[in-house]
Structure formats: C-alpha cells, structure tokens
Amino acid sequence: MIEKQNHPILVAPMPTPFTKDDKVDLKAIESNSLKWINTDLSGFVMGTENGEETLLSPEEKIDIFKVVSNTLKNKKILIAGVDNPSISGTLNESEKYAELGADLIRIRIPRRRNTIDKYFKEVLKNAPKPVLIIHQMSPGGFDSSMTTEGADPDQIGRFCDNDNVFGYIASHLVRFEMMTRKYVGKSKQFWVPNAMLMPTMSLEGANGGCFMLGNIAPKICRNIIKLSLEKNFTEAKNLNDKLVNLDWNILSRGAAGIKYALDLLGFIGGNPRKPQNNLTEFDRKSISDAIENSGIKEVE
C-alpha cells in the first residue's frame, strides 16, 4: 500500500467520534473513513492524541482499528500508534495491529532517557512491520510547544538508520529538528508535525507530514509540501499563510475543536469524551469563521 502512494505522503491522526451515551461510535468511524477514501489524504494514524487515545480502552482501540482497516481495504496507508515503554508490551501490541492490517507501527520515543537505546535495539529488531518513530514527549498539550527532547539528534539518527525504520515524525522544536535532520538519512521519511510548519521544515528537509489539519485540508496541505520540495517556497508560503488562522483556532481547542470543524464540513465529529469540556459558543464561532475565511468548503 505504501508503495502505491503518490509523494509527498500526508497522513492524519484520526479523531474518534462518540455516541450520546459516551461509547465509541463505530458507525460514524466507518462513515468518516469512507469519505476520507476519496480525498488526497495518504492515510491515517490510529491511536493518537487527536483520537483521544488516553480515554480509550485497549479493546476500544482494537475495535476502532478493525473498522478502519476493513473500511479502507488497502486504499490508504494505515498506521497503528503504539506508546508503551515496555519492550514486550510494544511488540505484543504491534503484533496485534500487524495482524489487523497495519502498514506501519508508529512508536513514541520512551520518556525514560536511560532506556531508549536498549528499547529501540530490541523493538526495531523484532517489530512485525516497518516502524515510524515519533518525537512527541508531551502528548496532551495541543496548543503548547514541547520543552524537552526525547532523545539526542544523533540517537534518533542511529534509530532511523535501522532497515526496519520507515521514517520519523519530527517535533515542533524546529531548532532541535534542524540538527536531527542532519543525522537522518535522505532515504527515510522525515515528516512535519504541524501544518503551520510545512514551509519552514520543508526548507530544512522534511518530505511529508502527519498532522491534524490533514483531516480537514489534505489537498492544499499536500500541495504546500509538494511546492516546498520543488523549491517553490514563496508560493508554498502564500498558501500556508491562508491556513495559519484555521490551524490555530482548531488545534488550540483540542479534540473538541477538530471534531467541530469536521461537523461543519459534513463529517461526524461530535463532542469529546467525558470529562473533557465541550466548546463554548465563542469557540464554535471562532472555528466557523476560520473555516469560512480559509476558503475551504469541503474535505478534498
């Protein structure tokens, strides 16, 4: 499936709709997936911050993955998100997702710095599918930048040199990631983590993306990355400027913001899972105005 994708690759962390009684809405997930099949989006990461992963049980995550895998039918890249500091736990989860059709296993760098080398030595040797490493040490802060590195740039480069590593999703720390890019081989994927950073990080060697706005504006986002790779930075920057306000107003409101934006564009988003707060009327108007001002009328 990965080989069939046009480049640049843009994947998105899929949000999780819930029913009125706060259960995972598998029918809504199927409906949304069917719509995304016909867009420019390359694929999805399941088990993410945008998908409210910390509020889902392991069984719910598996059920969601099954529905998306069966719906996409190998038409999009399907990536399983794993965040487990245990070597055996990571491999066990990865095996389950591989059996369900995962193309890649996205693994967060463990928080305990003194375990990182041992962890990746075992995991990368035994992972059942190619690995996508993500530098996201502080999930949970949609609107705040990370302040700590999960590993040193040369460490990340060594991990990415492994034959079983497909690529790397960078953090928002552009200065840190500029150094990291020097250690990551050019044959590997090096993905932008946020739509605002597309021209900036493409200038430094990013060649794809994984971020929230991919759910909403995949066509224009892929075009911005493509233009950047073709060295058309002025045109890419002009297009990206139109999305900055949209990205800010949605992402700063977390899962609730992403879901409401999808509701406005004909998908099923709904409210975040309890006890997370719903949007205020001011929040809703801010997102609605941002979508209108961006010129985006549908997900394509």
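Q: How many salt bridges does a search of the whole structure find?
A: A salt bridge here is a side-chain nitrogen of Lys or Arg within 4 Å of a carboxyl oxygen of Asp or Glu. This is a predicted model, in which local features need pLDDT of at least 70 and side-chain atom pairs count only at pLDDT 80 or more, while totals for chains, interfaces and linings use all residues. Residues are numbered from 1 along each chain as its sequence is written, and side-chain values use heavy atoms, with hydrogens and water left out. The search of the whole structure gives a total of 15.

Q: Which residue forms a salt bridge with Asp40, and where does that partner lie?
A: The closest N and O atoms of Asp40 and its partner Arg222 are 3.5 Å apart. The pair links distant parts of the chain, 182 residues apart. Helices (H or I, at least four residues) and strands (E, at least two) are DSSP runs, numbered from the N terminus. Asp40 is in the loop between α1 (26–36) and β2 (43–46), and Arg222 is in helix α8 (residues 218–229).

Q: Is Arg222 buried or exposed?
A: Buried means under 20% relative accessible area, exposed over 50%, and partly exposed in between (1.4 Å probe, protein chains only). Asp40 has 33% relative accessibility, so Asp40 counts as partly exposed. Arg222 has a relative accessible area of 13%, so Arg222 is buried.

Q: Where do Asp154 and Arg158 lie?
A: Asp154 and Arg158 form a salt bridge, with their closest N and O atoms 3.5 Å apart. Asp154 is partly exposed at 33% relative accessibility, and Arg158 is partly exposed at 44%. The two residues are four apart, about one turn of the helix, and both lie in helix α5 (residues 153–160).

Q: How far apart are the closest N and O atoms of Lys226 and Glu230?
A: Lys226 is partly exposed, with 38% relative accessibility. Glu230 is also partly exposed, with a relative accessible area of 40%. These two residues form a salt bridge, and their closest N and O atoms are 2.6 Å apart.

Q: Which residues does Asn215 touch?
A: Asn215 is in the loop between β8 (208–210) and α8, and Asn215 counts as buried because its relative accessibility is 0%. Contact means heavy atoms within 4.5 Å. Not counting residues up to four places away in sequence, Asn215 touches Ala12, Pro13, Met14, Pro15, Trp36, Leu262 and Val299.
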